[in-house]
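Good morning, colleagues. Please turn to the structure on the screen, and I shall take you through a few of its packing details.

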Amino acid sequence: MSQRAYNELWADVQLELSRLLAEELPAEPLHPEKDRVVFFQRVALFYVRYLQIFRKLEEIYDQVVHPQKRRLIRTILDGVIGRLLELKNEMVEKEYSEYHYMDDILQDLNLIPADLEIPIPRYFITECSKDFQERKTMVTDILKMVEVTESLEPLIVKDMSPEKAIKIIQVAERARQGRLRAKLNEESRNMNRMYKTKEPGAADIELAAVCIQKVWRGYVQRKRTKIDREEEMIFLGMAMDPKYKVPSSAEIGARATEVFNCNRQREHEEDYQKAIVAITKQLLDVEGHDMSNTLKDQIRQWLIECRDATGSFPDYPDEEEGGSALIFAEKNPQQLKEEIAALEEDDSKNKPKKKEEKKKNGKDKGKNNTEEEEEGLKMLPSAFLSDLQVGNKTFEDFWKKRNESKNFVQRHDPELIKEEMRKVVEAEIRPQVDVQMREELAEWKLAVDKDKGGKAKGKAKKKGAKGGKKKKEKDLTPDRTLESLCQELVEQGLLKKPNNVALQDYIGDYSYIGSELRKLDIEPTPSLSDVRQVLTLYGILPLGSQVVHEKAPLIKAILLTGPTGVGKKMLVHAICQETGANLFDLSPLNTAGKYPGKSGLAMMLHMVFKVARLLPPSVIWIGDAEKMFYKKIPKQDKELEPKRLKKDLPKSLKLIKAEDRVLLVGTTRDPLSADIKSLCKMYSKILLIPKPDYGSRCILWKQLITKQGGEVTKALDLSSLSKISDGYTPGHMVRVVQSVVTKRRVLQQAMRPLTASEFVPPLAKINPVLKGEEEALKNWYTKTPLGKKKIKAAAGKEEEAADKKKDAKKKGKK
């Protein structure tokens with residue numbers, strides 16, 4: 001697509017966004033909705049529409065080359081991502097479930113399941129700052145150094161017993177003799193064939209010719225039949241034409257254009273940064289003196305107006321309060337003085353007021369709750385709608401009707417830079433002007449004013465009011481550099497390099513009848529596609545953007561539970577890979593024997609969280625998270641001291657703020673052995689990952705076999721293989737495919753295609769996930785906070801239905 005096409009697409013997206021904003025922020029506030037189902041449908045519809053805008057904006061931002069347009073698109077894109085996360089939080093609170101099904105909405109909007117796939121913005125990786133890239137290279141260099149030292153250790157020759165050496169020699173010798181024996185046998189068979197052959201007669205030649213004709217005609221006919229079948233399937237739309245399997249020239253050209261646009265983005269961005277520096281310098285040289293004089297005149301005028309209105313010169317605002325910037329807050333002197341006096345009075349009156357308010361709130365809690373229930377359901381306040389409104393207004397006021405016919409190359413606009421940089425230059429000049437004007441005001445006061453002590457006391461009160469700051473965390477490593485801390489964590493195995501795994505490698509099919517099942521009061525089992533989408537919303541999108549992480553609903557810790565092999569560890573590595581996050585491993589098995597004692601434990605947690613904050617984004621992984629909260633420690637785990645982080649880790653987690661892009665991810669396959677209260681206190685989000693359903697198994701078998709080098713032909717009955725593999729996890733399926741589709745078997749495929757029966761014996765050797773284990777996990781999940789809310793909501797519905805039946809019976813009797 002050309003830049004003009006992307007600009008038109010952006011205009012269409014902004015039009016849809018303006019419609020959405022008009023619906024979300026109407027002139028008259030919407031009436032609260034009493035029906036929970038209707039309210040959820042409204043929120044879900046908003047969610048799907050914002051998701052479509054997000055998908056288009058992400059593509060536009062990735063390809064538009066105009067640097068100033070990209071900045072506006074980025075702010076709108078971050079706002080849309082944040083609003084998407086808010087709506088997800090709203091749906092979770094109203095439906096009491098982490099997984100939602102919108103197949104009915106897809107049908108109404110004429111969308112396909114792929115349109116609900118949440119894209120991961122490419123700028124998470126491509127637009128890292130220079131400091132961030134330098135830090136990442138530092139970590140990778142340390143990891144490489146440690147890997148080299150670890151790889152050199154196994155080269156040291158270890159002592160070997162004579163018996164073991166004799167066995168190795170015997171195995172090698174027997175293998176050599178076997179190869180020689182097989183070679184001699186083959187030669188003898190060939191010699192026997194040569195002696196047995198006789199000169200063929202006329203009848204033998206005729207029979208041989210007939211045999212050859214029969215075989216050839218059968219081969220030709222089978223080939224023709226196969227071609228006819230394939231053509232018929234392509235004609236019916238049941239198979240893809242082979243020419244579409246290979247990328248077309250148009251697709252190759254589109255990819256080349258995308259790469260070219262990315263290169264142009266870098267060039268235009270470099271030019272834009274250079275222009276900012278040059279224009280700023282020019283403004284300082286040309287307009288700096290005039291700006292300084294204008295500011296001084298405005299401040300003098302304000303001081304004189306204050307003198308005329310109040311009878312005395314006001315105190316000049318301090319640097320901490322903003323200096324002279326406070327003067328130009330669109331308030332006259334009298335208003336400003338009244339505001340300052342009111343603030344000073346509030347300082348003395350705030351405390352008793354707060355106490356009275358608390359008492360009143362405590363008494364009226366019950367009343368308020370009942371009133372809210374009677375009023376109905378409302379949307380929670382949003383932190384992103386105001387940003388979206390500002391971004392949309394900027395687009396409509398400036399970019400929508402702008403004529404860019406002369407700017408074909410899409411470079412920056414110098415006039416826009418001047419408008420933006422004037423504010424920056426004014427902010428740079430203002431502190432110098434404030435210093436001069438403070439001196440000038442002091443001279444005026446000495447010459448005119450006589451009362452000098454009254455306002456100083458007010459200042460003292462103000463400073464006293466600013467007291468009461470929260471205690472900051474003590475820095476246990478003030479003298480150490482970031483490199484030394486990273487090096488120690490890598491050497492101790494606490495900072496690791498994540499595996500090269502993309503989230504799209506976590507394959508699964510969409511739940512097509514989820515909403516229909518919920519209408520029948522049947523809770524559908526989430527698919528692996530649902531798990532992937534939820535983890536994108538909770539883990540990847542907030543970690544990738546600083547703006548989104550600060551304003552969106554804060555999620556500090558996520559717990560992934562599920563049977564062995566469902567891909568919990570893979571998802572942790574995928575989060576790190578998609579966001580460029582560092583991976584810290586605080587699993588009980590990994591921390592055993594490291595940093596002993598209370599002081600050592602405090603130092604370990606301090607170092608991990610300090611480096612995690614300084615190198616954002618960061619993921620702290622706790623494998624076997626149930627061990628930290630064991631009800632009773634098993635004998636084999638006592639040496640690991642699994643509970644040593646139980647008290648200190650939640651304390652460190654509380655210190656994480658919205659500004660810190662740090663996420664704690666725990667994985668467990670046996671949550672039943674842990675104390676559920678402690679586990680739920682630490683992890684705000686708990687995701688139960690199920691075994692794959694039939695559709696996901698079909699896709700998984702096909703993808704895994706193809707990735708291993710196998711070919712999926714008609715001889716391989718994927719449907720039957722997916723049915724008999726019910727209860728097996730993706731991890732089990734990977735092991736089976738690796739054992740069957742070997743290098744030797746790949747070479748034999750041309751003569752002997754793969755069949756489903758080959759996968760059955762290795763599959764039978766693995767124990768599947770039993771129904772009892774699956775039900776135990778589901779029952780455990782009902783005891784979590786969200787599970788309890790779900791049960792209460794279901795019980796409330798049953799009571800309502802019973803009341804309606806009773807009323808109907810009474811009416812019938814009458």
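This is a predicted model: local features need pLDDT of at least 70, side-chain atom pairs count only at pLDDT 80 or more; totals for chains, interfaces and linings use all residues.

On the H16 side, Leu482, Leu485, Cys486, Glu488 and Leu489 meet Met607, Val608, Lys610, Val611 and Leu614 of H22. Eight of the residues in this contact are nonpolar, two are charged and none is polar. As for geometry, H16 covers residues 482-491 and H22 covers residues 597-614; they pack at an angle of about 125 degrees, with axes 10 Å apart. That angle makes H16 oblique to H22, and their crossing is left-handed.

Is Val548 buried or exposed? Its relative accessibility is 0%, so Val548 counts as buried. Beyond its neighbours within four places in sequence, Val548 is in contact with Asp78, Ile81, Gly82, Leu85, Phe384, Leu541 and Pro542.

Finally, the aromatic rings. The count comes to seven aromatic pairs. In one of them, Trp10 and Phe395 have ring centres 4.8 Å apart and planes at 55 degrees, so the pair is tilted. Trp10 belongs to helix H1 (residues 3-24) and Phe395 to helix H13 (residues 385-399), so this pair ties together parts 385 residues apart in sequence. Trp10 and Phe395 are both buried.

Phe398 and Trp399 form an edge-to-face pair, 4.9 Å centre to centre, with 80 degrees between the planes. Here Phe398, at 28% relative accessibility, counts as partly exposed, whereas Trp399, at 10%, counts as buried. Ring pairs also link Tyr61, Tyr123 and Phe124 into a cluster.

How values were computed
Residues are numbered from 1 along each chain as its sequence is written. Side-chain values use heavy atoms; hydrogens and water are left out. Axes are lines fitted to C-alpha atoms, for helices over the stretch in contact, and angles run from 0 to 180 degrees between N-to-C directions. Helices (H or I, at least four residues) and strands (E, at least two) are DSSP runs, numbered from the N terminus. Angles under 35 degrees count as roughly parallel, over 145 as roughly antiparallel, 65 to 115 as roughly perpendicular and the rest as oblique. A crossing is left-handed if the near helix is turned anticlockwise from the far one by less than a right angle, and right-handed if clockwise. Contact means heavy atoms within 4.5 Å. Ala, Val, Leu, Ile, Met, Phe, Trp, Tyr, Cys and Pro count as nonpolar, Asp, Glu, Lys and Arg as charged, and the others, Gly among them, as polar. Buried means under 20% relative accessible area, exposed over 50%, partly exposed in between (1.4 Å probe, protein chains only). Rings of Phe, Tyr and Trp (its six-membered ring) pair if their centres lie within 6.5 Å; planes under 30 degrees apart count as stacked, over 60 as edge-to-face and the rest as tilted.
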